[in-house]
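Good morning, colleagues. Please turn to the structure on the screen, and I shall guide you through several of its regions.

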Amino acid sequence: FSANPCYNFSPGSSRPITNEDLQAVTNDVANPSNRTITFNMVRHPKLGRLARKQSDNSTVDISTFTQDMVDRKEVIYIQTPIELVGWEAVDSITFSVMSPPASIDSQTFKIDISYENKQPEHNTVLIKNTGAEVTEGESVVIDEYKLDASNLMSKLPTPERSSYEVWFQVTDLPQHGVIVVGERNLTQEKPNFSQFIVTKYGIVYSHDNSETTHDSFVFGAWLNPKGRTAQRPQDKKDVVVERFNITVRPVNDQPPVLKTKTPGLKVVQGDRVAIGPEDLRVEDLDDPPEDITFSVISKPSNGYLALRGGLNESVVAFTQAQINNRSVYFIHDGSSASGVFYFSVTDGHHKPVYKLFNIDVSEITITLLNYTGLSLQQGKTVAALTQDNLAAETNGKSVSIHYMITKPPSFGKILKENQEVTHFTQEDLLAGSLAYHMTSLSSAEDSFEFTAFTLEANLTGQLLNITVRPLIQVAQGLKIPNGIPVRLNTSFFNVSELAAISDSDPVFEIMSHPKFGKVVQTSSKRSRKFVPAASFTFQEVMQEKIALELNGNMTGVEELNDSLVFVLKADNVQPAKGEFYFTVVPYNPVAIPSTKSPVPTTSPIPQTPVRIFRNGTASPVPSTVFHSTHQPSKNQQKFKGRNRWGNSNRTSFFSTTLGKPPRTEEFPFRNTPVRVESYPQKTSNPLLIILPLLALLLLIIIFVVVVVYFRHHRQRKQNTSSPQENPFSVPPNSESHSSLTQRSTTIPTVTVTPLNPTYSASPVLGRFLASNQASPYDTADSNVLVSSWSNGSLEPTSQIIHAITPTLQRNQYWV
């Protein structure tokens with residue numbers, strides 16, 4: 001025997017007792033159907049009664065029932081009267097259970113009766129909250145038969161009930177209507193009304209005539225003392241909150257509306273297409289799509305309409321619901337002409353709407369998707385032909401696309417699994433089993449003509465181009481100054497790998513010079529004389545004999561885009577057409593051109609330099625290459641081809657010549673910095689060299705003039721007094737004093753020893769010594785020319801004093 005601890009029940013309702021609430025079984029497993037289990041009531045319920053439901057839904061009171069009756073839900077507990085229950089109460093039934101020879105005595109079945117026990121058929125704690133039904137745009141009265149909360153009084157003792165009344169407060173107003181109490185509408189500021197008003201007069205809900213089928217409002221109910229202003233309690237347990245539902249009966253006052261401006265369909269020849277709501281859509285706010293019916297007045301001339309499941313049968317009627325489900329099909333007859341059909345649509349309540357439905361027929365076509373052509377790496381002869389190079393699609397039913405080569409390549413052939421073919425399919429392109437093999441290395445490009453076709457259509461006269469990519473590294477983002485020749489080197493482009501695989505010096509044939517300048521060349525790296533070039537070699541690029549000379553109009557422009565188009569050729573490989581892009585910017589002597597790292601336009605090159613010898617062989621060698629540019633200036637034109645101090649190969653104590661490293665012809669693979677030099681640069685001021693030399697010459701001239709002046713003054717003094725022989729004079733043929741230095745007793749002489757005994761210090765001294773045929777520095781001894789500027793004989797006025805350089809003693813020095 002098993003029973004629920006408590007059987008929940010609502011006041012004033014009836015409910016069957018099921019085997020989930022009460023069940024008894026025996027241990028006679030062999031013959032359970034022969035064992036009848038009987039319940040005999042010993043004590044009847046006080047707040048209700050037990051009854052058996054008859055076949056005609058009538059009831060009869062019982063005091064005995066069986067387990068089979070409980071299983072068939074024939075035993076019903078009826079709670080009555082409500083006044084005896086109050087808000088909540090507990091009832092019980094005492095019975096015995098028998099199944100001879102077994103029995104159980106005095107079993108109690110409890111029944112909990114409370115308004116809090118909501119049942120599926122009575123989902124409220126109030127006596128009545130049934131909701132209301134209203135016609136669209138009309139009103140309905142809500143009275144005590146629809147809303148009654150007077151059972152809240154049962155929470156109070158009987159003597160206190162007369163001092164209270166039930167009040168309602170609407171917390172959520174209806175969305176599609178208003179509640180009228182008396183002559184005022186309920187608002188958020190005044191949302192209260194009482195049960196007395198509902199019972200005596202009722203409240204009114206008025207619908208706003210919108211196309212809605214449901215509305216509701218939420219309210220709270222509580223007990224409020226009579227004579228006091230209605231005040232909602234703070235304690236939520238004292239307030240019952242529920243929703244009052246309102247069902248709106250729609251009125252068919254709106255005709256169907258065609259939402260598709262131009263009903264129509266696009267179909268391919270011979271195809272069948274479902275008609276969807278994007279092609280034909282009619283809306284009716286009063287009726288569902290199933291009630292909107294289409295009728296075909298005149299059938300289409302290029303096909304027929306059918307429904308899914310019977311595409312071979314023509315139909316003349318369908319609904320909007322079938323269109324929404326894409327169950328209506330148009331079957332095209334394969335003709336090329338377009339067509340229409342005439343239809344009407346109605347909801348059954350309003351006049352039909354008539355309209356034309358257009359059917360546009362498209363021819364079956366083949367469209368090329370990928371048509372980018374094929375590129376072949378210079379130095380290689382095979383390139384894969386895949387769907388990335390060639391792909392097509394068709395709008396027909398046959399999706400298998402074939403390709404027929406109508407004109408084969410001139411310098412190669414198309415291979416499939418190493419066999420030449422003239423026909424292949426889209427599946428072959430997808431599988432990657434096709435390739436182009438260049439058999440002749442005489443051209444930089446090739447092509448073949450083909451026809452793409454299916455069983456339904458074809459596309460003829462198509463051409464696929466095949467180009468050779470140059471094997472070169474080029475710089476990106478290169479900015480070249482305007483107005484000066486910029487020498488090219490491997491920082492601009494590098495073809496070392498091409499030189500290595502071809503065992504030759506690659507040649508650049510210029511196809512198109514830059515728009516804003518030209519490519520020029522010179523005989524040597526140091527030469528400044530440039531002539532236009534029609535072609536050049538990579539060897540000349542490494543030797544910086546090639547330059548870009550740009551002369552674009554930069555007025556009001558910060559930069560210009562330009563390029564150089566060339567054909568790159570080498571031995572034993574096919575030629576390749578390339579283009580070198582750069583940006584022309586105004587010349588700035590401070591800034592130097594900068595490039596990003598040269599990026600390979602083909603495969604990456606190993607970071608190993610290659611030296612190209614005269615005979616064309618290559619070997620790895622490290623290198624760093626700079627390129628220079630020539631800066632035109634007035635100084636350059638003035639001093640062009642002229643050395644201020646004589647031969648540029650000579651050296652004086654005013655300058656130092658550094659040894660020049662031997663030149664090496666090489667292919668640097670590493671990215672090298674780009675440097676611009678000028679010949680000469682604007683920052684090299686010649687005055688910085690001229691002025692110090694002039695100052696030094698002026699000092700020497702002053703010194704010579706002073707010596708001459710004092711010597712002349714001494715001779716005049718000697719001539720004025722009494723001319724006589726110098727007691728210290730020695731005949732020229734005197735051998736004993738031939739090696740001694742002659743000194744004057746009145747004027748001290750000064751011997752000047754040059755710092756550099758090789759060449760004269762300045763051109764000025766050279767002119768002073770020009771009258772003397774002997775070199776002023778012909779021996780290790782010093783010869784100083786002293787002139788008295790006298791008009792007398794040569795011997796007293798001009799003497800060459802030959803002296804042996806004495807050894808300096810302590811505290812002595814040369815001046």
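Contact, in what follows, means heavy atoms within 4.5 Å. Please also bear in mind that this is a predicted model.

With that definition in hand, I begin with Phe508. Not counting residues up to four places away in sequence, Phe508 touches Ile472, Phe493, Val495, Ala534, Ser535, Phe536, Thr537, Phe538, Phe566, Val567 and Leu568. Phe508 also belongs to the largest nonpolar core, which has 33 residues. Which residues of this core touch the most other members? They are Phe493, Phe508 and Phe580. At least two residues of the core come from each of β48 (507-512), α6 (538-542), β52, β53 (560-569) and β54 (576-585). Of the contributors, β53 gives the most, with 4 residues. There is also a second, separate core of 31 residues, and among its members are Tyr115, Leu126, Phe219 and Val248.

Strand β52 leads us to a sheet. Four strands, in the order β46-β52-β49-β50, make up an open sheet with antiparallel pairing. Why is one side of β46 and of β50 left without a neighbour in the sheet? Both β46 (485-487) and β50 (531-532) stand at the edges and have a single partner strand each, so one side of each has no neighbour there. Further in, β49 (residues 517-521) and β52 (residues 546-550) run antiparallel and are joined by 5 bridges. Within β52, Ala547 is the residue opposite Val520.

Finally, consider Gln320, in helix α3 (residues 320-324). Gln320 counts as buried because its relative accessibility is 2%, and the cut-off for buried is under 20%. A polar atom of the Gln320 side chain lies 3.4 Å from the backbone oxygen of Leu280. Leaving aside neighbours within four places in sequence, Gln320 is in contact with Leu280, Arg281, Val282, Pro289, Ile292 and Phe294.

Thank you for your attention.

Conventions. Residues numbered from 1 in each chain as written. Predicted model: local features only at pLDDT ≥ 70, side-chain atom pairs only at ≥ 80, totals over all residues. Heavy atoms only, no water. Buried < 20%, exposed > 50% of the residue type's maximum accessible area, 1.4 Å probe, protein only. Polar contact = N/O pair within 3.5 Å; in protein donor to acceptor, adjacent residues only side chain to side chain. Pairing = 2+ DSSP bridges. Core = buried A, V, L, I, M, F, W, Y, C linked by side-chain atoms within 4.5 Å.
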